[in-house]
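Visitor: I have a structure open here and would like to talk through its packing with you. Could we go through it piece by piece?

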Amino acid sequence: MKRHFLEEEHAIFRSSLRKFLEQEAAPYFADWEVNQQIPRSFWKKAGEQGYLCSWAKEVYGGFEADFRYSVVLNEEFERIGTAMVGLGLHNDIVMPYIDTYGSEEQKKRWLPKAIQGEIISAIAMTEPGAGSDLAAIQTTAKKDGDAYIVNGEKTFITNGSSADLVVVVCKTNLHAQPAYKGISLLVVEANTPGFRKGKKLKKMGQLANDTCELIFEDARIPAGNLLGEEGKGFYYLMEKLQQERLLVSMQSVAAIKEMITITSEYVKQRKAFGKRISEFQHTQFQLAELYTEWQIGNVFVDRLIEQHMAGEQIVSEVSMAKWWTTDLAKKVAAICMQLHGGYGYMEEFEIARRYRDVAVSSIYAGSNEIMKLIIAKNMGLVDAE
């Protein structure tokens, strides 16, 4: 179906980006998985080509590109592999916090380097004892003169070991009622004394996406690194989570399309009982059903993209998209692996990687159970607190 919100300029951009990724990412992706990290050299190449934070204002080195370019970027990153999400996180989740809530000094200090690929960013929300419930975080930031003293641990941090810059969610007021009113956002740089990175976490999927723990032990953060106002961090997070969850939905839809495509090609080549697998009615029905569900999800997510660009508040709808598309991605991965037979379990077949990579998508950016709670609350089924 024609995507009316994308124009010729976006198609040209996609073509150029795809060529870049086929040359600079696809041949090396397996090595990146072994090393559990996308090399800094790739980030710099992406920055040179204008593929990092292209939405930023020209004064900082960006192109003031509209959100449709972010759509193209995230879809093409997903074509290479789900573990490319670190670039999308840098582009469309972390740095927008600095662009929206940062001071002019902060933006001049960090945006140009983020655009050029000289610095890599991360956001630290999750803790060993607090995931989707952000109000339960225990990392503290105590004011001490012209600085904050930060103590605590964060875990499952995408881009964690690579990050030069981390937006840290912490409590600056331990006595705030309700607790979320005591949350603030601090920008922590990698060379800060008292801040260290744990070893890379061994994950079952998204291996090229470096993930680690972050530890703060009396880390002294300049007060000038506070993003926006103290105590407003939770509100900032809520404002930006709409885009984050929309991005996950976009990536899931793109992953589904890739899995259906590679499986459709495989079943046309593979034979069993003297027939191509694609000639069995069961195979046809399964792929027809998946293709239909992909189209339904694609149309819904495209509609949300248009509404998001128009500045509409679509918290419920994005929550619907996030849980439905990520659950569908896991379903598609399982069926497509089955259609590959024993080869689907072999690492040299892309479906094996896709199967393990999509598993976590129903957990991050707010678990799917949380998405359903949000929907139920907005339906009036839960009393507002």
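Visitor: Which residues does Leu87 touch, leaving out those up to four places away in sequence?
Guide: In this predicted model, and with residues up to four places away in sequence set aside, Leu87 touches Ile38, Phe42, Trp43, Ala46, Leu52 and Phe77.

Visitor: And which residues touch the most other members of the largest nonpolar core?
Guide: That core has 89 residues, and those touching the most other members are Leu21, Phe42, Met84, Leu87, Met95, Tyr97 and Met259. Helix α7, residues 233-269, supplies the largest share of this core, with 13 residues. There is also a second, separate core of 19 residues, which includes Val166, Val168, Val188 and Ala219.

Visitor: Switching to helices, at what angle do α4 and α7 pack?
Guide: Helix α4, residues 67-80, packs against α7 at an angle of about 45°, and their axes are 9 Å apart. The angle therefore makes α4 oblique to α7, and the crossing of the two helices is right-handed.

Visitor: Which residues make that contact?
Guide: On the α4 side they include Phe67, Val71 and Asn74, while Leu246, Met250 and Ala254 are among those from α7. Sorted by class, the contact of α4 with α7 has seven nonpolar, four polar and four charged residues.

Visitor: What about Gln242, is that buried or exposed?
Guide: Gln242, which lies in helix α7, is buried, because its relative accessible area of 10% is under the 20% cut-off. Not counting residues up to four places away in sequence, Gln242 touches His308, Glu312, Gln313, Ile314, Val315 and Val318.

Note on methods
Residues numbered from 1 in each chain as written. Predicted model: local features only at pLDDT ≥ 70, side-chain atom pairs only at ≥ 80, totals over all residues. Heavy atoms only, no water. Core = buried A, V, L, I, M, F, W, Y, C linked by side-chain atoms within 4.5 Å. Buried < 20%, exposed > 50% of the residue type's maximum accessible area, 1.4 Å probe, protein only. Helix = DSSP H or I, 4+ residues; strand = E, 2+ residues; numbered from the N terminus. Contact = heavy atoms within 4.5 Å. Axes fitted to C-alpha atoms, helices over the stretch in contact; angles between N-to-C directions. Parallel < 35°, antiparallel > 145°, perpendicular 65-115°, else oblique. Left-handed = near helix turned anticlockwise from the far one by under 90°. Nonpolar A, V, L, I, M, F, W, Y, C, P; charged D, E, K, R; others polar.
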